[in-house]
Structures are given as structure tokens and as C-alpha cells.
Amino acid sequence: MIIMHILLIPLWFYGFDTVMYFISSIVGFFISSNSYKLYSITRKKSHLYLYLGFMLLSLGLFLSGFVSTYSYVMYKSCVRNCSLSLFDTVFGIEDFGLLLYFGLSILGYSILALAHLPKKTKISSLVLLSILAFSGILIFASVPISELLMWYTYHQYFNLLSILIVGYILFKVLVNFSESRNLYSFLVVLGFSGIFVFHILHFFSFFNPWAYVSAHLFLIVGYLSLLAMLIKVRH
Amino acid sequence: MILRRSKAQILLDILASIQKENGKIKKTHLMYHANLTHERLKKYLEILLLNNSLKESKTGNETFYSITKKGYDFLAEIRRLKKMSEAFGIPM
């Protein structure tokens, strides 16, 4: 297995990705709070899942934004006046924050997928957690011990799992759009398409700097589409 | 196929029925418009009266229900949230 340590990020793009993470996170919080209102009226499990799913995704994105801000600030200060040893702490925070981001996102997507499961499917949250735990054990087992707590070890697994889960959600919202044919469901399709393409392109960020840039553009387009849906619904 | 209405959908139907009748309706008419039995309607009316979305008044032997300002706001909010829920492919 080839383990890559550095994402290829163009220097001029530093900071833009952070802003995109924060904006996406805020949009996620808006959707989450509206889903909570919905749940408080209906008390339906699927609405609870919608609320929890977006809440976890928003927390993850917020964390990712915070970590990238931190590492850029540290990187800039190091370039000016300190030795490379300071990078140890930078990577320490990055590892912790990004691993948490990966975990929160996978859990968030999985809960959103639960909300889209057909009613007759008897998959409980316990079964879902077991599948996730089993996948986690398989991944951990394939990782060298020295790389166990490094964020880059899990980057590709994280994106692959996200592609699978978001792919399922995208399929479900596409089916919904083909039935309802309205603007709101179209914007949701656009939203999840953006998130889906973000993970595909992010998977290739180790190989091409443009993959990183375009991935983040798709991420922001995705979340802005969800925001547009929310604004349209509220007016 | 017969689809059961959710609690939120029934509350929406009750409020929408009253709104259609210019904000005030007889209890018997409401049963007919909202397609509910007397017992079930009573249960939902209690909820709406408790959260001040409806006001009850009596004229002779007839009981009337009218929507309050809070009720109109609640109706608008349920309609918005219903659109959002359906946009995600999750029926309310």
C-alpha cells in the first residue's frame, strides 16, 4: 500500500478552503436546526436522523475549518521565524482534529443514509454502528502501527467510505426528484451531487493540486444549493 | 394503497381546513373537512388549544373554532417544514 503524507494544495488556495469549510458548516447547522423543529412536531425517527446527521456533519466541517486555520497560521509563523520542530505540534493538532472530522462525517453520512432507508428495512442504528465498527476494525488491522494515529493514513478510506454512503443518499434523492420534479428536490440533488463529487476529487488530492481546489469548489456549490433550497422553502 | 396520515399532517389539515373557512369553523364541519372521527378530532383539537393555535367559542349549541395569530404562524411553519422534508425525500 502506498501511503501518501502530503495533500497537494496550491499556496494561493490557502485560507479559501477554510472559509469554504466554515460556510458549509453554517449551512449544515441551519438545516440541522430546521430539521429539529420538524422533529419536534412530527416525532418521526427519519426527521431525528436528518437533524443528527447534519449536526454531526456541521461539527466535523467546523472542526476541519478550525484545524486548517490553525495549521495555516502556524505554517506562516514558522516560515517567518521559527525552526521546523514546531511542526510537530502542528501535525499533532491536525491529526487529532482531522481524525475527529473523519469520524463525525462518516457517522453523519451514515445517519443521513438511515433516514433514507425504506420503512420496511429493519436496519436499526445498532446494526449500522456494528457495520461501521467492523469496517473500522478492518481498516485499523491493515494500518502499520507507526501510522495508526496519523490523519493521512485514513484520508483515502474516509473518502472511499463517504463516496459509498453519499452515493446511496444521492441515489435516493434522485429517485425522489424523478417523482416530485420540483425545484426544492432538484436543489437537494444538486447539494448531494456537490458533496459526492467533493469526496471523489478529494480522493485524488494526493496526486493533483487541482483536484483539491475543484473538490472544495464542489463542496461549497453543494452546500450553497442546500442553502438555496432552505431560503426558497422559507419564502 | 391506504396511507396513514402522520400527526403533523393531521394538524396541518385541521389548521388548513379552518383557514379555508376564513379562520372560523363549526366543529361538525371541521370533522368533515379534516376527515376525522369525533374522538380523534377531539384529541388533536386539545393539542392545538393547548399551544394557543386555536380559540374555542360557543354560539347556542354550536361550538366554533378559530385560528389565532399563533395558529397562522404555526400553519405557515408546518407548511415550510413539510416542503423541506419532502425535498429530502422524507414524507411528513
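This is a predicted model: local features need pLDDT of at least 70, side-chain atom pairs count only at pLDDT 80 or more; totals for chains, interfaces and linings use all residues.
## Where chain B meets chain A

The contact joins 15 residues of chain B to 22 residues of chain A. On the chain B side, two elements give two or more residues each: α1 (7–20) and α4 (69–87). α4(B) gives the most, with 8 residues.

By class, the chain B side that touches chain A holds 8 nonpolar residues, 3 polar and 4 charged.

## α1(A) against α4(B)

Two packed helices are described by the angle between their axes and the distance between the axes. Helix α1 of chain A spans residues 16–42. Its axis lies 10 Å from that of α4(B), and the packing angle is about 110 degrees. An angle of 65 to 115 degrees counts as roughly perpendicular. The two helices, α1(A) and α4(B), therefore fall in that class. Their crossing is left-handed.

Which residues make this contact? From α1(A) come A:Asn34, A:Lys37, A:Leu38 and A:Ile41. From α4(B) come B:Ile78, B:Leu81, B:Met84 and B:Ser85. The contact of α1(A) with α4(B) has 5 nonpolar residues, 2 polar and 1 charged.

## α1(A) against α7(A)

α1(A) also packs within its own chain. Helix α7 of chain A covers residues 209–234. The axes of α1(A) and α7(A) come within 9 Å and cross at roughly 30 degrees. That angle makes α1(A) roughly parallel to α7(A). This crossing is left-handed.

On α1(A), the contact residues are A:Asp17, A:Met20, A:Ile23, A:Ser24, A:Val27, A:Gly28, A:Phe30, A:Ile31 and A:Asn34. On α7(A), they are A:His216, A:Leu219, A:Ile220, A:Tyr223, A:Leu226, A:Leu227 and A:Leu230. The classes are 11 nonpolar, 4 polar and 1 charged. A:Asn34 is listed in the contact with α7(A) and also in the contact with α4(B).

An α-helix has 3.6 residues a turn, so residues three or four places apart point the same way.

## Helix α6 of chain A

Helix α6 of chain A runs over residues 183–203, 21 residues in total.

Of the 21 residues of α6(A), 15 are buried. The helix is therefore largely enclosed by the rest of the structure.

## Positive phi in two loops

A:Arg43 sits in the loop between α1 and α2 (45–81) of chain A. Its phi is near 60 degrees, a positive value in a residue other than glycine. A:Arg43 has 12 C-beta neighbours inside 10 Å, so it counts as exposed.

B:Asn22 belongs to the loop between α1 and β1 (24–26) of chain B. Phi of B:Asn22 is also positive, near 60 degrees, and the residue is not glycine. Is B:Asn22 buried or exposed? With 9 other C-beta atoms within 10 Å, B:Asn22 is exposed.

## B:Thr59 on strand β2

B:Thr59 is part of strand β2 of chain B, residues 54–59. It has 8 other C-beta atoms within 10 Å, so B:Thr59 is exposed.

B:Thr59 and B:Lys26 are 33 residues apart along the chain. Their C-alpha atoms are separated by 10.0 Å.

Notes
Residues are numbered from 1 along each chain as its sequence is written. Chains are lettered from A and ligands numbered from 1 in the order in which they are written. Two residues are in contact if their C-beta atoms, placed from the backbone, lie within 7 Å. Helices (H or I, at least four residues) and strands (E, at least two) are DSSP runs, numbered from the N terminus. Ala, Val, Leu, Ile, Met, Phe, Trp, Tyr, Cys and Pro count as nonpolar, Asp, Glu, Lys and Arg as charged, and the others, Gly among them, as polar. Axes are lines fitted to C-alpha atoms, for helices over the stretch in contact, and angles run from 0 to 180 degrees between N-to-C directions. Angles under 35 degrees count as roughly parallel, over 145 as roughly antiparallel, 65 to 115 as roughly perpendicular and the rest as oblique. A crossing is left-handed if the near helix is turned anticlockwise from the far one by less than a right angle, and right-handed if clockwise. The expected span of a helix is 1.5 Å times one less than its number of residues. A residue is buried if 20 or more other C-beta atoms lie within 10 Å of its own, exposed if 12 or fewer, and partly exposed in between; C-beta atoms are placed from the backbone.
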